[in-house]
Amino acid sequence: MAGKQVQVRFCVPDLQKERANCSFNKEEITNIFDGGEHNTETRRKLQNIIFSDPNLQDPIPPDYMSHEQRYENELRKAVYVMKKFMTDPQLQDIGGGPEAIKWMYNSILRHAIHKDGNPLMLHFGMFLGAIMGQMSEEQQAEWLPKAMSGEIIGTYTQTELGHGTFLRGLETTATYDPVTDEFIIHSPTITATKWWPGGLGKTSSFAVVMAQLHIRGQNYGPHPFVVQLREHVTHASRPGITVGEIGPRLGLNSNDNGFLRFDNVRIPRTNMVMKHSKVLKDGTYVKPKSAKLSYGVMVLTRVGICYDVCWQLMRATTIATRYAAVRHQSELEVGEAEPQIIEYQTQQYKVLPMIASVYAIWFAADTLRHTYMEVQKNINKGSDLDLLPELHASSCALKALFSTDVTDGISVMRLGCGGHGYLASSNLPRIYTSTTPSQTYEGENTVLWLQVARFLIKSFREASKGGRLQPSVAYFKNHQTQTRRITDLSNSGLVSGYERSVLSMLEAVAKQLQQYSEEGMRYEHAWNACSVRLVNVAKVHARYIVCDQFVKALAKYEGSSGVRQIMDQLCRLYMIYSVTNDQGILLKSGALTPDQCNLLEEELGELLAALRPEAVNLVDAFDLHDEVLDSTLGAWDGDVYNRLYNEAMKSPLNKVDVPDAYYKYLQPLMKSNL
Ligand SMILES: CCC/C=C/C(=O)SCCNC(=O)CCNC(=O)[C@H](O)C(C)(C)COP(=O)([O-])OP(=O)([O-])OC[C@H]1O[C@@H](n2cnc3c(N)ncnc32)[C@H](O)[C@@H]1OP(=O)([O-])[O-]
Ligand SMILES: Cc1cc2nc3c(=O)[nH]c(=O)nc-3n(C[C@H](O)[C@H](O)[C@H](O)COP(=O)(O)OP(=O)(O)OC[C@H]3O[C@@H](n4cnc5c(N)ncnc54)[C@H](O)[C@@H]3O)c2cc1C
């Protein structure tokens with residue numbers, strides 16, 4: 001919706017009623033998701049400035065624009081935002097400049113400005129991420145100011161036509177020529193063509209390129225290099241560079257995801273990204289502390305995705321919950337007025353566990369972010385990298401779990417809005433199409449689950465030998481002495497049920513791996529033959545992490561009793577929702593009995609009823625501006641039917657009563673049948 005309005009405080013009677021009684025302080029919850037009162041204040045100031053700026057509005061709804069118009073419109077806004085942040089005095093007051101742009105693009109506000117992708121997204125995300133996280137200090141001094149000011153625009157090009165997942169299989173080469181002190185970047189085959197990177201097609205003048213490093217005939221594996229793709233000023237693609245856009249996609253079509261080929265393009269040796277590995281002038285290769293440090297930008301982005309999908313779930317739950325309070329349908333009692341659909345327990349079961357999931361995701365993402373910062377600190381200090389496997393496994397687990405949960409959750413929110421949820425103006429289709437690729441990019445989820453399983457199996461074997469365990473698998477140490485069944489159904493009891501199920505699943509799959517090996521199967525094939533089970537155990541371990549973090553976050557919470565109480569209920573709901581969904585697994589492992597499952601299902605119904613009166617207040621507490629929601633069904637005022645009608649009026653087909661197509665096609669047909 002091309003919204004012009006700012007927050008309207010009128011709301012329909014259904015929502016007035018929902019908002020009349022609220023048992024908790026909404027602002028306290030808003031502050032949690034902003035990361036503190038100060039951030040809430042900054043965000044609100046920022047959104048007031050941004051949303052009242054006519055230059056950041058869309059001239060027509062993007063759904064009615066062509067591919068080129070969408071790209072141009074988003075690029076116009078992205079560049080305007082950059083200029084505005086550099087010059088607008090109102091924004092200097094709240095800390096304008098490049099850091100603030102980065103802050104804004106790493107917040108939920110980016111979804112309000114750019115409705116379906118942003119050609120500069122990769123610049124602010126992975127290009128700057130590679131400069132700041134992967135370049136030496138001298139390199140940063142050279143590249144960072146140019147990238148921050150927009151003098152150069154960059155992207156991150158790793159995936160090729162032939163290989164996305166298997167990085168060691170990348171075909172682009174960077175061959176060192178000691179005579180000229182240059183690397184030669186080359187795409188030897190069609191499958192070596194870089195394919196997918198955001199902002200690559202028409203926007204970026206530079207790229208971080210992942211290529212196999214060759215020195216004197218030896219391959220040192222994939223490493224990052226900075227390559228200039230387009231000329232300054234004219235922006236023409238440079239000699240030896242073939243670059244363009246890859247065409248329409250399921251969503252995110254305002255971005256210019258691109259392809260790129262190199263024909264023996266020479267770059268200075270110092271364009272190799274050299275914080276971790278280096279190549280000296282004489283061709284000596286200096287090894288990094290860990291070969292996987294060059295994968296660091298991906299790890300950072302996986303952490304970012306956990307937050308990003310959480311914002312998408314906040315948007316979808318806000319829309320579906322408000323709509324469920326406004327929509328009346330069918331009857332609970334024959335002859336009575338049609339109830340709000342949120343009165344149906346099945347509707348509550350759609351929205352409330354997803355609201356609880358927002359909290360669960362947020363707390364686990366926060367812990368992951370702290371682990372990331374800890375590892376970064378250690379890398380910068382040059383200290384040991386003990387926590388690197390933990391960070392890798394947890395970031396893979398949570399990125400895979402949250403991207404799946406949220407994509408599924410958004411789909412449930414859309415279905416929960418009936419037919420209107422299918423309309424573009426509800427914004428649920430676009431929220432879905434811009435979230436579902438997070439299951440593929442930054443590591444295809446099945447592949448990430450298998451990385452988690454690798455870590456689990458290794459840790460399980462370590463535990464059996466009494467070895468050192470990383471924090472997320474510290475619970476493995478008890479596995480030989482523990483009985484399987486849990487006796488109490490408290491939150492910590494249920495967390496323990498997950499632990500025991502993971503251990504039981506691991507025990508079984510480790511046994512199967514062992515058996516295959518003893519039968520003479522090579523380990524890799526035994527692994528493949530067990531991989532469905534391995535993925536399953538990785539998923540249960542990930543759910544364990546999230547449940548455990550939710551319980552721990554609440555144990556530390558020091559806010560008001562009202563907020564504490566509602567979060568306790570949400571945590572309990574998340575636990576029971578998860579356990580009852582996974583009951584087959586918990587029953588099979590012997591952690592739960594059927595009677596215990598019945599008790600939990602009863603409690604689930606009670607929790608839904610207890611939380612139902614707070615549903616609208618809970619989503620209000622996310623404090624999402626109408627521009628962030630961009631939805632006919634989810635706006636704060638709940639004026640759903642007028643909004644739906646007004647949006648329909650914007651369809652270009654409604655400009656005339658009888659369209660030209662009638663005269664061209666239909667009239668001849670209808671005439672001939674007269
Ligand atoms: C936002 C929108 C924009 C989107 C952008 C993109 O999509 S950009 C494109 C995004 N593209 C993708 O995301 C591509 C996804 N693919 C990949 O990330 C990798 O190819 C891989 C991780 C699947 C395998 O890598 P491999 O074949 O090199 O490794 P291996 O399996 O042989 O394991 C060897 C050891 O390395 C360990 N280890 C591995 N990674 C890490 C790490 N990051 N840190 C630390 N450790 C790591 C692993 O645990 C194992 O340890 P162990 O057990 O020996 O102690
Ligand atoms: C919207 C979008 C934006 C993107 N942006 C960028 C970008 O900016 N920069 C960039 O470099 N890339 C980008 N990508 C590419 C993305 O990172 C890759 O698509 C992703 O890593 C998956 O790789 P693939 O496409 O080669 O899939 P494949 O690896 O070919 O996966 C296909 C199937 O094979 C299975 N499979 C593969 N390997 C294994 C295995 N070892 N074990 C079991 N199953 C396996 C997978 O599970 C999957 O089911 C983007 C992709 C999308 C969709």
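Entry 1: I began with T175, which stands opposite I184 in strand β3. In β5, I found H214 as the bridge partner of T175. Before going on, I noted that this is a predicted model, where local features need pLDDT of at least 70, side-chain atom pairs count only at pLDDT 80 or more, and totals for chains, interfaces and linings use all residues. Residues are numbered from 1 along each chain as its sequence is written, while chains are lettered from A and ligands numbered from 1 in the order in which they are written.

For the elements, helices (H or I, at least four residues) and strands (E, at least two) are DSSP runs, numbered from the N terminus. Two strands pair if DSSP finds at least two bridges between them. I looked up how β2 (residues 173-177) pairs: with β3 (residues 182-186) the sense is antiparallel, over five bridges. With β5 (residues 206-215), β2 pairs in the parallel sense over three bridges. The β2 and β3 hairpin has four residues between the strands, and there D181 takes a positive phi near 60°.

Next I checked the faces of β2. A174 and Y176 make up the covered face, and T173, T175 and D177 the uncovered one.

**Entry 2: two domains.** I then turned to the division of the chain, with bounds that come from an automatic or database domain assignment. Domain 1 is 1-30 + 294-674, and domain 2 is 122-288. Their C-alpha centres lie 35 Å apart. The contact takes 12 residues from domain 1 and 17 residues from domain 2, counting residues whose C-beta atoms, placed from the backbone, lie within 7 Å. On the domain 1 side, α10 and α13 (428-435) are the elements that give two or more residues. Of these, α10 gives the most, with five residues.

**Entry 3: ligand 1.** Which residues are closest to ligand 1? I listed K292, Y295, H392, Y441 and G443, out of 25 that surround ligand 1; near here is a C-beta atom, placed from the backbone, within 6 Å. The elements giving two or more residues to this shell are α10 (296-326), α12 (388-416) and α14 (445-464). The largest share, five residues, comes from α14. Each of domain 1 and domain 2 supplies at least three residues to the shell around ligand 1.

**Entry 4: ligand 2.** Around ligand 2 I found 22 residues, and the closest are Q158, T159, G164, T165 and T446. Here β1 (154-157) and α14 give two or more residues, and α14 gives the most, with three residues. Both domain 1 and domain 2 contribute at least three residues each to the shell around ligand 2.

**Entry 5: the core.** My last stop was the largest nonpolar core, which has 182 residues; C306, C310 and V452 touch the most other members. Such a core is a set of buried Ala, Val, Leu, Ile, Met, Phe, Trp, Tyr and Cys residues joined through C-beta atoms within 7 Å, where buried means 20 or more other C-beta atoms within 10 Å of a residue's own. The largest share of this core, 20 residues, comes from α10. Leaving out residues up to four places away in sequence, I listed A393, C396, A397, A538, H541 and A542 as touched by V452.

Methods: A residue is buried if 20 or more other C-beta atoms lie within 10 Å of its own, exposed if 12 or fewer, and partly exposed in between; C-beta atoms are placed from the backbone. Two residues are in contact if their C-beta atoms, placed from the backbone, lie within 7 Å.
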